[in-house]
Amino acid sequence: MGHGKLRKFAENETFRCLLQPDASQVLDKEPGSRELKLRDHAIKGRWGRDMFGNDHPIVLELGCGKGDYTIALALRHPEINYIGVDIKGARLWKGAKYATENALPNVAFLRTRIEFIDAFFGPGEVSQIWLTFSDPQLHGSENSRLSSPLFLERYRHFLQPGGIIHLKTDSRFLYEYTSAVCNVNGLQVLASGIDIYRLGLDQVQPILGPGPILPPGPGPSSMPCSSLKALFVGPGPEYDVQAVFEVQTFYEKMFLEMGLPITYLAFCIDHDGPYAFPGEAFDADFWLEAEGPRRSFSHQPNKK
Ligand SMILES: C[S@@+](CC[C@H](N)C(=O)[O-])C[C@H]1O[C@@H](n2cnc3c(N)ncnc32)[C@H](O)[C@@H]1O
């Protein structure tokens with residue numbers, strides 16, 4: 001391991017905003033078996049009190065990488081607490097260092113595998129989840145996609161009723177897969193778009209209660225929202241649709257420079273009973289073909 005990375009790992013230990021539990025803190029061996037069982041971490045249900053010192057809403061970014069998006073959203077909404085989650089310590093270092101040096105009170109980072117996420121958050125503790133440029137897992141197991149029924153089941157344990165999941169991705173495959181998961185489970189889709197910077201959003205549902213509807217037309221930034229049919233602005237800043245256009249992640253900027261379309265889907269996971277898998281409702285072969293060869297270089301899961 002290079003000196004740079006060792007230095008970052010050492011510095012990570014000093015950041016109060018960065019929680020880096022050992023796997024042993026959330027995994028127990030089942031007595032008499034080799035199976036591992038997830039157990040609650042001490043912070044579960046206590047982020048507001050122990051990390052932020054307030055009871056403001058909590059929004060997660062899963063697979064936050066260097067934390068650019070988490071930080072940008074937190075600067076935009078000081079009344080919301082943001083937690084970026086990733087497994088790569090050298091990437092999290094950047095966000096945690098920025099948050100520490102700038103004394104940002106509403107930012108934290110959690111270094112863990114997202115597979116363990118429900119060990120860290122209690123029922124209703126989280127109001128929204130961002131999945132930003134998640135690895136689409138084109139050839140891997142469906143269960144490793146962060147929007148698969150298996151992950152939705154995990155999120156359901158701690159996402160508030162009516163809580164929103166935002167998926168922002170360059171991968172049309174992941175977007176279509178997630179749309180299919182929503183369809184087969186009858187999940188409410190709040191907004192969607194297959195090329196948001198050129199075409200805007202196709203659909204925005206006013207589910208959060210009465211609020212002003214913005215007419216179609218350019219948004220406050222110069223981003224083209226011209227095909228936006230109606231833009232719902234909820235009662236608070238929690239569903240900040242404009243942020244979708246105005247804030248970009250590290251990977252997103254890279255893909256935009258390459259001229260690639262960015263897709264977006266916002267949905268609720270309120271649902272009775274187990275989530276169904278899309279099965280044949282998702283034509284994986286078709287969307288894999290459509291994805292093209294760029295996948296091989298756009299996501300580099302093994303890079304630290
Ligand atoms: C393609 S990068 C996107 C980073 C950032 N969201 C952005 O858009 O710039 C995907 C990130 O997800 C993280 N990641 C993928 N699967 C993960 C998992 N199961 N648990 C934790 N982190 C994961 C990777 O470490 C990586 O930093």
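Helices (H or I, at least four residues) and strands (E, at least two) are DSSP runs, numbered from the N terminus. Residues are numbered from 1 along each chain as its sequence is written. This is a predicted model, in which local features need pLDDT of at least 70 and side-chain atom pairs count only at pLDDT 80 or more, while totals for chains, interfaces and linings use all residues.

## Two positive phi angles

Phenylalanine 133 sits in the loop between strand 7 (126-132) and helix 5 (149-156). Its phi is positive, about 50°, although the residue is not a glycine. Phenylalanine 133 has 24 other C-beta atoms within 10 Å and is therefore buried. A residue is buried if 20 or more other C-beta atoms lie within 10 Å of its own, exposed if 12 or fewer, and partly exposed in between, with C-beta atoms placed from the backbone.

Alanine 103, also not a glycine, has a positive phi of about 45°. This residue is in the loop between helix 4 (89-101) and strand 6 (107-111). Alanine 103 counts as exposed because it has 8 C-beta neighbours inside 10 Å.

## Ligand shell

The ligand is surrounded by 18 residues, the closest being Gly63, Gly65, Phe133, Thr249 and Phe250. A residue is near a molecule if its C-beta atom, placed from the backbone, lies within 6 Å of it. Helix 9 (residues 250-257) gives the largest share of the shell, three residues.

The shell has six nonpolar, five polar and seven charged residues. Here Ala, Val, Leu, Ile, Met, Phe, Trp, Tyr, Cys and Pro count as nonpolar, Asp, Glu, Lys and Arg as charged, and the others, Gly among them, as polar.

## Strand 13 and its partners

Five of the six residues of strand 13 (residues 263-268) are buried, so this strand is largely enclosed by the rest of the structure. Strand 13 pairs with strand 8 (residues 159-169) in the antiparallel sense over six bridges; two strands pair if DSSP finds at least two bridges between them. In this pairing, cysteine 268 of strand 13 is the bridge partner of isoleucine 164.

Strand 9 (residues 189-193) also runs antiparallel to strand 13, joined by four bridges. Phenylalanine 267 in strand 13 stands opposite valine 189.

## Helix 6 against helix 10

The axes of helix 6 (residues 172-185) and helix 10 (residues 284-291) come within 8 Å and cross at roughly 155°. Axes are lines fitted to C-alpha atoms, for helices over the stretch in contact, and angles run from 0 to 180 degrees between N-to-C directions. The two helices are therefore roughly antiparallel, the term for angles over 145 degrees.

Notes:
Angles under 35 degrees count as roughly parallel, over 145 as roughly antiparallel, 65 to 115 as roughly perpendicular and the rest as oblique.
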